[in-house]
Structures are given as C-alpha cells and as structure tokens.
Amino acid sequence: MKEVKLLSKGNILTAIGGIIGGVGGYFYWLKVGCVSGTCPITSSPVMSVIWGMMMGGLLFSMFTGKRQASGENKRDNTD
C-alpha cells in the first residue's frame, strides 16, 4: 500500500502559506479586531487565525504549478 505524504513537495508551499496566514490573522485580530463582537471573523482570535490560514494557504497554493510532461495529458485538437 502506498503511504500518503501530506507534506510532499507540492503541499509544502501551501503549508507555509497557511502558517504565515495564521500568524497574520492573529495579528490582525490583535491590532484591528472587532470589539463589539458583531464581526463574525475578527471578533474571535480563533476565527481570525483560521481565516488567515485559509487565505494564506490559498494564496501560496497559486504558486505550486504542476508541470506537464512533454506530450502527456495534452488534448489533440485535430478533430
């Protein structure tokens, strides 16, 4: 059976982005956060960190492109 590697080469940049985003989300809550509690994301440090992790992971995942082998997985438009 094959082992599933969560932090393979393709996912390491996404994980780094999630960590950076989580730290950024915490600092956003710390400096800007919503005092009244009416803001669903910035009123709680946990929600700010989770939101920051998701946004950071999505942003950094844009830079992990998979390269295609020459000739494989290309569509032949000769129809």
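**Entry 1: the start of helix 2**

I began at the start of helix 2, where a side-chain oxygen of Ser44 reaches to within 3.3 Å of the backbone nitrogen of Val46. I note at once that this is a predicted model, and I read every distance below with that in mind.

I then looked up the extent of the element: helix 2 runs over residues 45–61, which makes 17 residues, and from its first C-alpha to its last it reaches 24 Å, close to the 24 Å expected at 1.5 Å a residue.

Which residues of helix 2 are buried? I found Ser48, Gly52, Gly56 and Gly57 to be buried, and because they cover an arc of only 155° around the axis, they lie on the same side of helix 2. As background I wrote down that an α-helix has 3.6 residues a turn, so residues three or four places apart point the same way. On the face turned away from the buried side of helix 2, I noted the exposed residues Val46 and Leu58.

**Entry 2: Ser48**

What does Ser48 touch, if residues up to four places away in sequence are not counted? I listed Gly25, Trp29, Ile41 and Thr42 as the residues that Ser48 touches on that count.

Next I looked at Thr38, which is found in the loop between helix 1 (9–31) and helix 2. Is Thr38 buried or exposed? At 63% relative accessibility Thr38 counts as exposed, and I also recorded that the side chain of Thr38 makes a polar contact with the side chain of Ser36, at 3.0 Å.

**Entry 3: the disulfide**

I searched the whole structure for disulfides and found one; the disulfide joins Cys34 to Cys39, with an S to S distance of 2.5 Å. For the link of Cys34 and Cys39 I noted 60° about the S-S bond, and the link is right-handed.

How do the two cysteines stand in accessibility? Cys34, at 16% relative accessibility, counts as buried, whereas Cys39, with a relative accessible area of 28%, is partly exposed. The 20% cut-off is needed to read these values, because buried means under 20% and partly exposed begins beyond that.

Methods: Residues numbered from 1 in each chain as written. Predicted model: local features only at pLDDT ≥ 70, side-chain atom pairs only at ≥ 80, totals over all residues. Heavy atoms only, no water. Disulfide = S-S within 2.5 Å. Buried < 20%, exposed > 50% of the residue type's maximum accessible area, 1.4 Å probe, protein only. Helix = DSSP H or I, 4+ residues; strand = E, 2+ residues; numbered from the N terminus. Expected span 1.5 Å × (residues − 1). Arc of directions from axis to C-beta. Polar contact = N/O pair within 3.5 Å; in protein donor to acceptor, adjacent residues only side chain to side chain. Contact = heavy atoms within 4.5 Å.
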